[in-house]
Amino acid sequence: MIMKLPISMKRLLLFAGVLLPLAAPAQTIEWSHQFGAFESDEALAVATDSIGIYAAGFTGGILPDLDKVGRNDAFIRKFSAAGNVLWTRQFGTEYDDEARAILA
């Protein structure tokens, strides 16, 4: 039986009947940052640009030094490439609000 391999499988090396994957480059975690309120929070989207990283989602509480507007408020937080918080915005209506996507 002859199988036609999909294009994505062309990165595999066939040697003596054994498929050997090509080595993937090593990945390391540069930094992580945990933040939130006492109520439920979720980051639903992440984007990057040349100077930083953006996280967006919702919080059921009040993020540090900000004001709560409704039940669940949307938020956007910007980090530098080194992981430092540059700014945070919490916003919404009197109802439930979320930021589900972000584009930098």
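This is a predicted model: local features need pLDDT of at least 70, side-chain atom pairs count only at pLDDT 80 or more; totals for chains, interfaces and linings use all residues.

**A buried aspartate and its surroundings**

I start with aspartate 73, which is found in strand β5, where strands are DSSP runs of E with at least two residues, helices are runs of H or I with at least four residues, and both are numbered from the N terminus. Residues are numbered from 1 along each chain as its sequence is written, and side-chain values use heavy atoms, with hydrogens and water left out.

Is aspartate 73 buried or exposed? Aspartate 73 is buried yet has no salt bridge, and the nearest side chain of opposite charge, that of lysine 68, is 6.3 Å away. Buried here means under 20% relative accessible area, exposed means over 50%, and partly exposed is in between, with a 1.4 Å probe and protein chains only. A salt bridge is a side-chain nitrogen of Lys or Arg within 4 Å of a carboxyl oxygen of Asp or Glu; for charge, Lys and Arg count as positive and Asp and Glu as negative, while His and the chain ends are not counted.

What aspartate 73 does have is polar contacts: a polar atom of its side chain lies 2.8 Å from the backbone nitrogen of glycine 70, and a polar contact of 3.1 Å joins its side chain to that of glutamine 90. A polar contact is a pair of N or O atoms within 3.5 Å, where, within protein, one must be able to donate a hydrogen and the other to accept it, and residues adjacent in sequence count only if both atoms are side-chain atoms. Leaving aside neighbours within four places in sequence, aspartate 73 is in contact (heavy atoms within 4.5 Å) with several residues, including Phe58, Asp67, Phe91 and Asp97.

Arginine 77 is found in strand β5, which covers residues 73-80. Arginine 77 is buried yet has no salt bridge, the nearest side chain of opposite charge being that of aspartate 65, 7.9 Å away. The side chain of arginine 77 does make a polar contact of 2.7 Å with the side chain of threonine 88, and, apart from neighbours within four places in sequence, the residues in contact with arginine 77 include His33, Phe35, Tyr54 and Trp87.

**Where the salt bridges are**

How many salt bridges does the rule give? The count comes to two. In one of them, the side chains of aspartate 96 and arginine 71 meet at 3.3 Å, N to O. Aspartate 96 lies in the segment after β6 (85-91) and arginine 71 in the loop between β4 (52-59) and β5, so the pair ties together parts that are 25 residues apart in sequence. Aspartate 96 is partly exposed, with a relative accessible area of 43%, whereas arginine 71, at 54%, counts as exposed.

Glutamate 98 and arginine 100 also meet in a salt bridge through their side chains, at 2.7 Å, N to O. Glutamate 98 is partly exposed at 34%, and arginine 100 counts as exposed at 64% relative accessibility.

**The sheet and the whole chain**

Stepping back, four strands form an open sheet in the order β3-β4-β5-β6, with antiparallel pairing; two strands pair if DSSP finds at least two bridges between them. The edge strands are β3 and β6, each of which pairs on one side only. Eight bridges join β3 to β4, and these two strands form a hairpin with two residues between them, with alanine 47 standing opposite tyrosine 54 in β4. β5 and β6 pair over six bridges, and there phenylalanine 79 stands opposite valine 85 in β6.

Beyond neighbours within four places in sequence, threonine 48 is in contact with Ile53 and Ala104.

Finally, the protein chain has zero helices and six strands, and buried residues make up 27% of its 104 residues. Among contacts with a separation of 6 or more, 46% are between residues 24 or more positions apart.
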